[in-house]
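Open the model in your viewer and keep the selection tool ready. We will go stop by stop.

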Amino acid sequence: MKTLNKTPNASQKPQTDSNQSVDSSDSSKALIDIAQRDVDGVLHLFDTSLDGLTETEAKRRLSKSGLNEIAREKQIAWYVQLLKTVTNPLSLLLIVLAVISLLTGSPTAALIIFIMVIFGGLLRFSQEFQSNKAAEKLREMVSATATVNRQDAAPKEEKGITAGKEIAVKLLVLGDIIFLSAGDMIPADVRLIAAKDLFLSQSTLTGESLPAEKHVDLPDNKEKNPLELVNLCFMGTSVVSGSGTAVVAQTGSHTYLASLAKTVSGRKPRTSFDKGVNGVTMLLLRFMMIMAPLVFLINGIFKHNWVEAFTFGLSVAVGLAPEMLPVIVTANLAKGAITMSDKKVIVKNIDAIQDFGSMNILCTDKTGTLTQDKIVLQRHLDPYGQESLDVLKYAYLNSFYQTGLKNLLDVAVLDRNQELKSLDIEKNYQKFDEIPFDFVRRRMSVVVEEMGKQHVLICKGAVEEVLKICTQLQVNDQVLPMDESVHTKVADLQQKLNSEGLRVIAVAYKVMPPDQSHYAIADESDLVLLGNIAFLDPPKESVAQAIKALNRNGVEVKILTGDNEVITRKICKDVGLAVQKVLLGSDIEGLSDDELASSAATTTIFAKFSPTQKAKVIQVLRKAGNVVGYMGDGINDAAALREADVGISVDTAVDIAKESADIILLEKNLLVLESGVVEGRKTFANIIKYIRMGTSSNFGNMFSVLGASAILPFLPMQPVQILINNLLYDFSQTGIPFDRVDREDLVNPPKWKIDNIRRFMMFIGPISSIFDYCTYALMWFVFGATSVDHQALFQTGWFVESLMTQTLIVHVIRTAKIPFFQSRASLPMLLITATVMAVGMYLPFSPIAHSLGFVPLPAVYFLWLAAILTCYCVLTQFVKTWFIKKYGYT
């Protein structure tokens, strides 16, 4: 056959021109209208015929409608991706401070800040660029083609069937007549005009693992869901078995698949991580906007040198700015991404590592994610529910000898061949005839000759259809008459198996005379019911363990699927997931967001959900304050993947799902999810360590500076000394990404609590000011640094004490426990902080001391310093313990 395609009449036109966006509801209505027309009506609608379009007409339509491609988000250019890494609020704040420093004659401060911003940006860019490149390699590189009829094309002979011309899928236009066969991807939304034993896999669109039967029959006028229409096939699905001929009804951006793709275009919603980091940035910015001008005014008023006051105020602003935060955050995230890559996981968006750890709800698709997306023969039972090898034997013969390509159910039966090997079935039974499947009977039969003695008709099909032609049943080698009670038992057994999520097929047989030469549908009568075969898409081996591990780590698992409730309940039972409540897609249509959020909180299974409904559930769960992950691999999962805080997919997923995901699993072992959660929590814990340390330390230092500005006749520390102090302290924090995390910090999903960070800063920060003022008193009263002539001694003494207290207190703040005794930092952390403290004590005695405004300190100073440090650590530990009991640590 060939396809003929011309532009439909304007009044009937089901597709708009070019690449204009089409609302999904309009697309659905057009498809439903097309499905309800007979074949002649469809051909007339598209001004085509069974002989296909001419090449001239096809080119004209192509120029008008555009290529048959779904618009996908363009890959971001590397330079744009690099720019995005330094345009977050924190980096922009630091860049502004650096520019001001440069303009006001502080090139050293500007250089330090620029280095930190660039280093942090390059680190993030490097990790994300490599991950995106790896994800891009997963994309299929094959150029898809379709077989069409074009009137100017010479047909080719293929397996005895006249086939059309192979063209690129993107060149298909409305009205093209295409041929479908097993293994083909459906290249557009099409209306069937002929079909034979056609079964399609629609799991990527619907979530249902079992193949869908397709034929040319007109649907019920009441059907409103295009996916349920038996004479429509959709782009993105594939042919499992059989063959068909169809007319192209929708192409490119007008297809049903494209309507789903539109839901994932545009900017991804802000995640928990984005909100958390921005919250910390705004907290520091508000604090800086108050403290820096205040220091500037006090110094100008009391010391009458406004230029020096401005320089000092700017140094304070730089000191308050956590210039290392981008580096520390990115280093932590990058370390987590590298760790996950060792577990065969691609992290496309490194921010997702932290969201992974904060996740308290994981929503997941069922088919292909929790299940193997592979039909397996689970049971072969006699009519009373007992295991029967005869049922398997006869089902195997039927599947083995049927003509043509096998559907997934036949493949599942044939996979059990090892159990029948000893019976030598293929040698003892030879095919004699076949009665093909059709959608009216919903069964098919083969006739085999048993060792040249007799013919056996073996029928396999829908239970209710096979029961209609059975008058007897076989149990334990006994053939018994069928009566109403038997019908009831068989129906009860089918219902029981269906309730377990199994698809049931009946098997029956009839011994025929050996001299019969031809068989027809009429021979399918007075059969003996042998039993049932039952199929299931089983869960992946690692799912049960993964769910237990997630629950153990405080992550609740919810199932969002397009499949039905019965099968989903069965899978949940098999993997040990307790079901609290089930919600159907049809149940939520009239619910408000608040009602849906309330219901979603207690629901485990969301069955028969459309892609937009899945995304809506994710949205309301996030609005309720949850950090939500979503795991899926189909087209129908893309919107939910994008809506989630962290989207997780697999390497075998469709392209649109992989593009929408933040994380891609390269192996089917779902136990890696627990590793991701733990790694995310380590990352979060170490980021929060730095934020606590930096905010409380800077807050305390600025209180000290504020008081000193008012009471001292000179600056408590030179601007260059503040910058060096800040730089050394920042360097001491570079070991944080490699630090240990207490087990207690990994048990529950952490949350960004900006209020708690502010309280921690306000309670812990002033403690350092107490000991700073003690140091002021020490330098003033004990060492006599009371005038401008002795300010270098004063400034050196405070520089060393300030650096020592900031660096040593890292070990107190990094844990909720008693430092060094109950919780010890990692070796890199210990070495780095020890090195910074050593450098701080060495600087006053170094060759560059004079140029930095330092002078040597007397030996007795260090005895006083040891006492100050000890008291500081003890008091901070006491206040920290009180704070944790009152407000919590995370």
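Predicted model: local features only at pLDDT ≥ 70, side-chain atom pairs only at ≥ 80, totals over all residues.

Select alanine 607, which is found in strand β24. Strands here are DSSP runs of E with at least two residues, helices are runs of H or I with at least four, and both are numbered from the N terminus. Is alanine 607 buried or exposed? Its relative accessibility is 0%, so alanine 607 counts as buried. (Buried means under 20% relative accessible area, exposed over 50%, partly exposed in between, with a 1.4 Å probe and protein chains only.)

Now show what surrounds alanine 607. Leaving aside neighbours within four places in sequence, its contacts are Thr561, Asp563, Asn564, Glu565, Leu583, Leu584 and Gly585. Contact means heavy atoms within 4.5 Å.

Residues are numbered from 1 along each chain as its sequence is written, and side-chain values use heavy atoms, with hydrogens and water left out.

Next, the sheet. Color its 8 strands in the order β12-β27-β26-β25-β13-β22-β24-β23; the sheet is open, with mixed pairing. Two strands pair if DSSP finds at least two bridges between them. The edge strands, β12 (345-347) and β23 (582-584), each pair on one side only. From one strand to the next, the twist averages 20 degrees.

Select helix α21 (residues 611-623). α21 packs on the sheet and touches β13 (361-364), β22 (556-560), β24 (605-607) and β25 (628-631). Its direction makes about 160 degrees with that of β25. Axes are lines fitted to C-alpha atoms, for helices over the stretch in contact, and angles run from 0 to 180 degrees between N-to-C directions.

The axes of α20 and α21 come within 9 Å and cross at roughly 90 degrees. The two helices are therefore roughly perpendicular. (Under 35 degrees is roughly parallel, over 145 roughly antiparallel, 65 to 115 roughly perpendicular, and the rest oblique.)

Last stop: helices α26 (residues 754-782) and α27 (residues 791-808). They pack at about 150 degrees, with axes 10 Å apart. That makes α26 roughly antiparallel to α27. Show Phe771 and Trp780 of α26 with Leu793 and Trp798 of α27; these are among the residues that make the contact.
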